[in-house]
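Student: Could you talk me through this model, strand by strand and helix by helix?
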Amino acid sequence: MTVAAAVNETSPEKVLSPVLSAFWDEPESWTLETYQRHDGYQGLRKALAMAPDDVIALVKDSGLRGRGGAGFPTGMKWQFIPQGDGKPHYLVVNADESEPGTCKDIPLLFANPHALIEGIVIACHAIRSNHAFIYLRGEVVPVLRRLHHAVAEAYGAGYLGRDIQGSGFDLELTVHAGAGAYICGEETALLDSLEGRRGQPRLRPPFPAVAGLYACPTVVNNVESIASVPAILTRGKEWFRSMGSEKSPGFTLYSLSGHVANPGQYEGPLGITLRQLLDISGGMRPGHRLKFWTPGGSSTPLLTDEHLDVPLDYEGVGAAGSMLGTKALQCFDETTCVVRAVTRWTEFYAHESCGKCTPCREGTYWMVQLLRDLEAGKGRPEDLDKLLDIADNVNGKSFCALGDGAASPIFSSLKYFRDEYERHITEQGCPFDPALSTVWAHQPHLEVNA
Amino acid sequence: MTTEPPVSLGIPEMPPPDYPAEVRARLEADAREVIARYPDTRSALLPLLHLVQAEEGYVSRTGVRFCAELLELTTAEVTAVSTFYSMYRRKSSGEYQVGVCTNTLCAVMGGDAIFEELQRHLGIGNDETTGDGKVTLQHIECNAACDYAPVVMVNWEFFDNQTPDSARRLVDDLRAGRPVRPTRGAPLCTFRETARMLAGFPDTRPGAVEATGGAGPATLVGLRLAKGETAPGRIVSPREGGISPCEGGEGEE
């Protein structure tokens with residue numbers, strides 16, 4: 001099996017497989033000219049020569065799954081769009097990358113926005129949409145600038161607009177900047193936001209495929225999912241399936257961050273492990289070792305150094321009690337206070353809760369109060385169970401997944417590090433020195449090596 | 001534009017004044033262009049709020065009224081939206097918005113220390129502005145640049161891998177009017193000019209799109225490794241430099 005074989009590989013050339021990132025080191029990687037030198041818009045040429053349903057079937061057969069966190073099969077999402085219904089269809093690209101730790105779509109779009117644009121045209125041809133939107137979070141102006149530029153280039157070259165490449169297919173693409181709200185990464189909240197409303201999630205069903213933007217059939221896809229489509233068209237589904245596993249095929253971007261020697265983007269087949277990534281990239285920062293990490297952003301339950309060999313694909317991480325999420329591998333070493341980390345994440349969820357449903361709005365508020373007391377050494381032993389109880393009332397009982405995400409760090413940190421919470425109570429304070437966790441705290445801890 | 005009454009009598013505020021005719025005409029032309037991009041007019045609300053913020057540096061009551069009139073909404077509907085999103089300012093603020101990421105990863109890596117240092121150095125708290133009107137300091141949430149932690153954003157351009165010293169120099173330069181360049185992004189423009197881009201009007205400055213090159217160094221580490229271009233001194237062997245979890249990690253305390 002591919003995964004088992006890959007586990008023993010340690011050379012970077014064998015572990016990694018750059019596809020999207022393959023030419024990001026070109027001097028002007030973001031331009032149409034560079035993209036075209038690297039097979040750019042060849043996938044579109046193939047797609048336009050195919051019947052739309054055949055494009056959907058190809059993407060479905062490739063096994064591509066959503067890269068935004070949930071892992072839903074992309075081709076199946078496209079297939080849900082009713083055809084011949086007489087309504088306009090829309091594609092909305094979710095570029096509202098805001099999940100703490102997640103940093104893949106923003107560098108992707110900064111380095112090469114054309115991969116996304118080509119994927120959009122292919123997807124719209126497949127679902128018969130004539131208007132697509134890129135909902136980009138507002139706080140990333142350098143990316144907005146390059147998207148504006150790339151969209152203008154694509155219009156100029158006839159990849160967007162009327163009668164694309166003489167195919168008779170028309171497509172308008174609108175770049176839409178958000179205004180600062182994590183919740184808009186939730187697809188139905190994103191649609192409300194794009195309709196000019198407060199970003200609050202909608203009740204489902206109806207799902208966006210039936211009643212999405214302006215109550216019309218709508219596909220909402222993550223940036224990386226759509227940007228992966230052109231390569232599938234160009235190189236074929238067998239090539240795509242040659243990477244990863246049966247249920248999680250293909251390549252993906254792993255974002256390594258935190259107390260590692262070399263943080264950054266590492267593109268490889270699904271199913272490689274954190275141990276492999278650390279081995280090839282230089283490991284943790286000198287003199288330190290891994291304490292806890294997130295496999296896919298702060299909403300995915302924490303894992304520890306027991307989980308270094310978990311295959312980083314949808315099934316592998318799920319079996320370890322967490323979620324692949326966005327493959328945002330935030331690694332924290334032994335200098336980091338887990339109570340501090342979880343308190344800060346919980347403050348984030350409380351700040352970003354949209355207020356629509358009571359469990360999330362009230363629950364996140366009270367979890368912050370308890371955690372702040374615990375971190376400051378003012379907690380009581382019974383607070384830990386109270387914290388778990390509130391988290392249990394938020395998890396699965398909230399209107400959308402933000403509530404589940406808020407509960408994840410609390411459940412998982414108490415599972416693996418309950419003793420650390422208890423130390424804050426018995427020692428009436430935090431036993432950690434935050435200065436040692438900073439990037440400029442260079443002195444290695446000799447006792448760790450002993 | 002408005003002068004607040006000295007004592008609030010609980011009487012609803014009078015409608016705000018309109019923009020001067022020349023400003024109104026210019027903004028209306030811009031707004032019509034934005035509205036035309038969407039199948040439904042209301043979708044233009046977020047861009048229009050960015051547009052009025054580009055005019056006055058914040059979303060004023062006049063700006064709210066303008067959006068409401070153009071989109072045939074009530075001012076209450078527009079206010080409900082503008083107060084939901086954190087990028088819309090509710091009061092006049094600095095020319096440069098300096099945001100320090102204090103979400104967990106950046107905070108742990110040094111963001112908390114940077115934010116504390118800037119508050120001390122500037123003598124202002126969160127969401128406050130220096131007396132010269134140059135710098136508004138904020139702590140911000142994760143800005144999708146964790147591989148460049150700790151991150152500081154100025155007018156939403158990236159200043160990666162910051163330290164308390166570099167951040168202090170940064171705000172000093174901003175206040176002194178010295179040119180400041182982000183690590184990823186274009187040479188800084190004012191907060192209001194940035195807001196205009198967010199409204200959907202591309203940056204037309206020569207060289208702005210090209211500035212700082214294709215991808216940042218952290219973005220390329222995986223690619224360089226895969227191509228066998230291991231940068232000397234940057235990527236170290238786990239056995240020589242960093243302790244790999246396999247080597248040093250098994251010893252539980």
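Tutor: What follows covers a strand of chain A, then a helix pair between the chains, and then chain B.

Tutor: This is a predicted model, in which local features need pLDDT of at least 70 and side-chain atom pairs count only at pLDDT 80 or more, while totals for chains, interfaces and linings use all residues. Residues are numbered from 1 along each chain as its sequence is written, with chains lettered from A and ligands numbered from 1 in the order in which they are written.

Student: Is strand β1 of chain A mostly covered or exposed?

Tutor: Strand β1(A), residues 90–95, is mostly covered, with six of its six residues buried; buried takes 20 or more other C-beta atoms within 10 Å of the residue's own, with C-beta atoms placed from the backbone. Strands here are DSSP runs of E with at least two residues, helices are runs of H or I with at least four, and both are numbered from the N terminus.

Student: Which residues point which way from β1(A)?

Tutor: Tyr90(A), Val92(A) and Asn94(A) point one way, whereas Leu91(A), Val93(A) and Ala95(A) point the other way.

Student: And which strands does β1(A) pair with?

Tutor: β1(A) pairs in the parallel sense with β2(A), residues 131–136, over six bridges, and five bridges join β1(A) to the parallel β4(A), residues 218–222; pairing requires at least two DSSP bridges. Val92(A) has Phe133(A) as its bridge partner in β2(A) and stands opposite Val220(A) in β4(A).

Student: Changing topic, how do α9(A) and α7(B) pack?

Tutor: Helix α9(A), residues 141–156, and helix α7(B), residues 191–198, pack at an angle of about 45° with their axes 10 Å apart, the axes being lines fitted to C-alpha atoms over the stretch in contact and the angle running from 0 to 180 degrees between N-to-C directions. That makes α9(A) oblique to α7(B), since angles under 35 degrees count as roughly parallel, over 145 as roughly antiparallel, 65 to 115 as roughly perpendicular and the rest as oblique.

Student: Which residues make that contact?

Tutor: Val141(A), Leu144(A) and Arg145(A) of α9(A) meet Thr194(B), Met197(B) and Leu198(B) of α7(B), where contact means C-beta atoms, placed from the backbone, within 7 Å.

Student: How many residues does each chain give to the contact overall?

Tutor: Chain A gives 91 residues and chain B gives 76 residues, and the largest share of chain A's side, seven residues, comes from α9(A).

Student: What is in chain B itself?

Tutor: Chain B has nine helices and five strands, and buried residues make up 47% of its 253 residues.

How values were computed:
A residue is buried if 20 or more other C-beta atoms lie within 10 Å of its own, exposed if 12 or fewer, and partly exposed in between; C-beta atoms are placed from the backbone. Two residues are in contact if their C-beta atoms, placed from the backbone, lie within 7 Å.
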